[in-house]
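Please open the structure in your viewer and keep the selection panel at hand.

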Amino acid sequence: MALVLQEPISLWGGVDPATSAIIDVRHPQRGTFIKGRVLVMRSARGSSSSSSVLAEMVRAGCAPAAILLGEPDLILAVGAAVAEELYGVLVPVLQLDPDDLASIPDGASISIVDGGEVSVA
């Protein structure tokens, strides 16, 4: 299920890796849990430590199911690659056309098939 973020977020300092709760006091969706959701955001806000936070979320069983972005983010991609290598858990990180990304409603059912094709229902 899609969780469309109203504002970008940094996983480092913005999300509790042990619970998946958004903890950034300035974020409009503070208190929302991202575990198992498809995180949809136009861009990440960043810290290079977000890659280790994503890997830690995978280890703790609190990672998002996937991350869909309107802009590329190598830091999140590295975190997903490390988590897959260490823990055998795939968290797809995909860049979509910004218009396609903007058309995804919060709560939509999203499927991602091999090759990265995204289907929204």
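The stops below begin with the sheet and end with the nonpolar cores.

This is a predicted model, in which local features need pLDDT of at least 70 and side-chain atom pairs count only at pLDDT 80 or more, while totals for chains, interfaces and linings use all residues. Residues are numbered from 1 along each chain as its sequence is written, and side-chain values use heavy atoms, with hydrogens and water left out.

Select the four strands, which form an open sheet in the order 1-2-3-4 with parallel pairing. Strands (E, at least two residues) and helices (H or I, at least four) are DSSP runs numbered from the N terminus, and two strands pair if DSSP finds at least two bridges between them. Strand 1 (2-4) and strand 4 (93-95) are at the edges with a single partner strand each, so one side of each has no neighbour in the sheet.

Next, select strand 1 and strand 2, which run parallel and are joined by three bridges. Ala2 has Val38 of strand 2 as its bridge partner.

**The main core.** A nonpolar core is a set of buried (under 20% relative accessible area, 1.4 Å probe, protein chains only) Ala, Val, Leu, Ile, Met, Phe, Trp, Tyr and Cys residues joined through side-chain atoms within 4.5 Å. Select Leu5, Leu11, Val15, Ile34, Leu39, Met41 and Ile67: among the 21 residues of the largest core, these touch the most other members. Helix 2 (50-60) is one of the elements that supply at least two residues; with five, helix 2 gives the most to this core.

**The second core.** Finally, select Ala2, Leu68, Leu96 and Ile104, which are included in a second, separate core of 11 residues.

Notes: Buried means under 20% relative accessible area, exposed over 50%, partly exposed in between (1.4 Å probe, protein chains only).
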